Each structure stands twice: as structure tokens, then as C-alpha cells.
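Subject: Structure for your review

Dear colleague,

Please find below the structure that I am passing on to you. My notes on what was found in it follow directly after.

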Amino acid sequence: MWCWKRNRTIASGVAFGLAMLTRPIVLPMLLFAILIQFIRRKPMRPILFITALSILVATPWIIRNTLLENKLTLTQKSALGTNLLYGTFTRKEFGQDIWNEALKRYKGCDNECAFELAIERIRNGIQDGSWFKARLEQYPRLIIDTGTSLAPEFANGPVLYRLIYVLLQLAGLILAIVGLKNQPIQVWLTPAFLLLFHLPLWIEARYFLPAAPFMSILTAAGMVKIYDHHIKPSTARFGF
């Protein structure tokens, strides 16, 4: 992102290509960036070049994986079907430990099998409302965490600690929204993409961690904006 912001497209393309080797989600994020730039009528050449170069960097690994798996495989086996299926489960159906209970029930179901089941459950869940309930249960965990992902002992710790941790996250989220205006796409692309990408998927708090540096930038921008527009004028009246 830093290289892209400074028009260093070659370095940016290589960096995104290397990142794609560890997480194939980088490719759909770049495609999302192309769509955003097209909608905003911004210059397309830089992001198109970056995307093409990143794919070129990852191509040898893609070819290797495809030959080994006998089907198109990017840089690792996809778990999209599994995450899509588990995103339809509710606590009423599986209890508090949804992931482990679902693993027992669907043992032996590979990604393709999970994808087919997920589509069927989503179709039925939209009709009876259970899918929306599952998303309302799971989705908030993407941006609000009680601290258990960082320190498991928080789960049995004082409620006050967890409450303070959640309130701090909410404050940071509000500040990030305040600081969003007039920010370049390189700052808000990753958080926006992750929020949209995970709408139908199984949620863990750690899934939003790649957006943490960008959220920190937006939070700082929000703090500066509040200070410049509200606190600074007030203190100026008193001669400070």
C-alpha cells in the first residue's frame, strides 16, 4: 500500500504477489480495488499494472499447485466452502463452541462438499430467517472482540476488563469513522474489503487483524480532526 501510494507500482506489484503466496485473499482484494477505482473514475493503469504483476509473481506457485492438485489452485487450498458453511450456524443449533461441534458433525466433508451444503443452507436460511440470525450472531466479532483472541484467560476473567476492552474498541471504531473522510484508497481499502468479504463467512476476531494498521491510521486521523474542529477552537477562546 505504501509503495502504491507513492506510485512505485513495480515494488507494489511484487509485494502484493509475495503476499498472495501466503494469503490468496490478496487477489480478490486487488480485484475489489480495480472495481472501486472504476466506480470512482480514478486512473486505472496503476492498479491494473499492480494486479497483473502480482499475479505474474505468484504464477510459478499457482502452476505448481495446479499440477499437484489436478485443478486450478492459487497458493493454498481454499477453505471458502467451509467458512461459508460455518457462517450459517447459530449457537442454538450447535451450542457455544460452534466450530468444534460442526467439525464433529461434518467430519469428512471437504471444501466442495461444504460449499454445496452452504449454498443450500443459505437458500433455506434466507427463507426462514435463520441465516440472518447466524450473521447477526457472528459478524460483530469481526470488529468487536472481548479480548479472548489475544488472551484466552479473558473468557473467565472479570467482566469489567472485557467491558473496558470492548468500549475502547468502540471508541477507536468511532474515531476511525470520523477520520475516514478524504483519506486515500490505500488507507481504507483493506478494512472496507475485509468487512464486505466476511459478510457471509464464519467470523473470528483475528480475521480483521490485517486491517489493524490502517484502522490505527484512521483512528489517529479522527483524533486530529476532532481536536482541530472542536477542542482547538474552544481552547483558543480562553487564550490557550
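Lys104 is exposed, with a relative accessible area of 61%; here buried means under 20% relative accessible area, exposed over 50%, and partly exposed in between, with a 1.4 Å probe and protein chains only. Its salt-bridge partner is Glu101, and the closest N and O atoms of the two are 3.7 Å apart. A salt bridge is taken as a side-chain nitrogen of Lys or Arg within 4 Å of a carboxyl oxygen of Asp or Glu. Glu101 counts as partly exposed, at 34% relative accessibility. Both residues lie in helix α7, 3 residues apart, about one turn of the helix.

Please note that this is a predicted model, in which local features need pLDDT of at least 70 and side-chain atom pairs count only at pLDDT 80 or more, while totals for chains, interfaces and linings use all residues. Residues are numbered from 1 along each chain as its sequence is written, and side-chain values use heavy atoms, with hydrogens and water left out.

Salt bridges

By the rule given above, the count comes to 3 salt bridges. Arg105 and Glu93 meet through their side chains at 3.8 Å, N to O. This pair links distant parts of the chain, with Arg105 in helix α7 and Glu93 in helix α6 (residues 91–94), 12 residues apart. Helices (H or I, at least four residues) and strands (E, at least two) are DSSP runs, numbered from the N terminus. The side chains of Arg121 and Glu93 also form a salt bridge, at 2.8 Å, N to O. Here too distant parts of the chain are linked: Arg121 belongs to helix α8 and Glu93 to helix α6, 28 residues apart. As for accessibility, Arg105 is partly exposed at 49%, Glu93 is partly exposed at 33%, and Arg121 is partly exposed at 23%.

Overall architecture

The protein has 12 helices and 0 strands. Of its 240 residues, 36% count as buried. Its accessible surface comes to about 14,900 Å², of which 66% belongs to carbon and sulfur atoms; these areas come from the Shrake-Rupley method with a 1.4 Å probe, and for residues only the protein chains shown count as cover. Contact means heavy atoms within 4.5 Å. Among contacts between residues at least 6 apart in sequence, 67% join residues at least 24 apart.

The nonpolar core

In soluble globular proteins, nonpolar side chains tend to be buried together. A nonpolar core is a set of buried Ala, Val, Leu, Ile, Met, Phe, Trp, Tyr and Cys residues joined through side-chain atoms within 4.5 Å. The largest such core in this model has 46 residues, and those with the most contacts inside it are Met1, Trp4, Phe16, Leu30, Leu85, Phe89 and Leu189. Two or more residues are given to this core by each of α2 (9–22), α3 (26–39), α4 (45–69), α5 (80–86), α7 (98–105), α8 (111–128), α11 and α12. The largest share, 8 residues, comes from α3. Not counting residues up to four places away in sequence, Met1 touches Phe16, Met29, Gln186, Leu189, Thr190 and Phe214.

In helix α9 (residues 130–138), Trp131, Ala134, Arg135, Glu137 and Gln138 are buried. Seen down the axis of α9, these buried residues fall within an arc of 160°, so they line one face of the helix; the arc is that of the directions from the helix axis to the C-beta atoms. They pack against α5, α6 and α8.

His198 is found in the loop between α11 (185–197) and α12 (212–237). Is this residue buried or exposed? At 6% relative accessibility, His198 counts as buried. Its side chain reaches the backbone oxygen of Leu194 at 2.9 Å, a polar contact being a pair of N or O atoms within 3.5 Å; within protein, one must be able to donate a hydrogen and the other to accept it, and residues adjacent in sequence count only if both atoms are side-chain atoms. Leaving out residues up to four places away in sequence, His198 touches Arg135, Tyr139, Leu142, Ile203 and Tyr207.

Cys109

Cys109 lies in the loop between α7 and α8. Apart from its neighbours within four places in sequence, Cys109 is in contact with Ala114 and Leu117. Cys109 and Thr82 are 27 residues apart in sequence and 8.7 Å apart in space, C-alpha to C-alpha.

With kind regards
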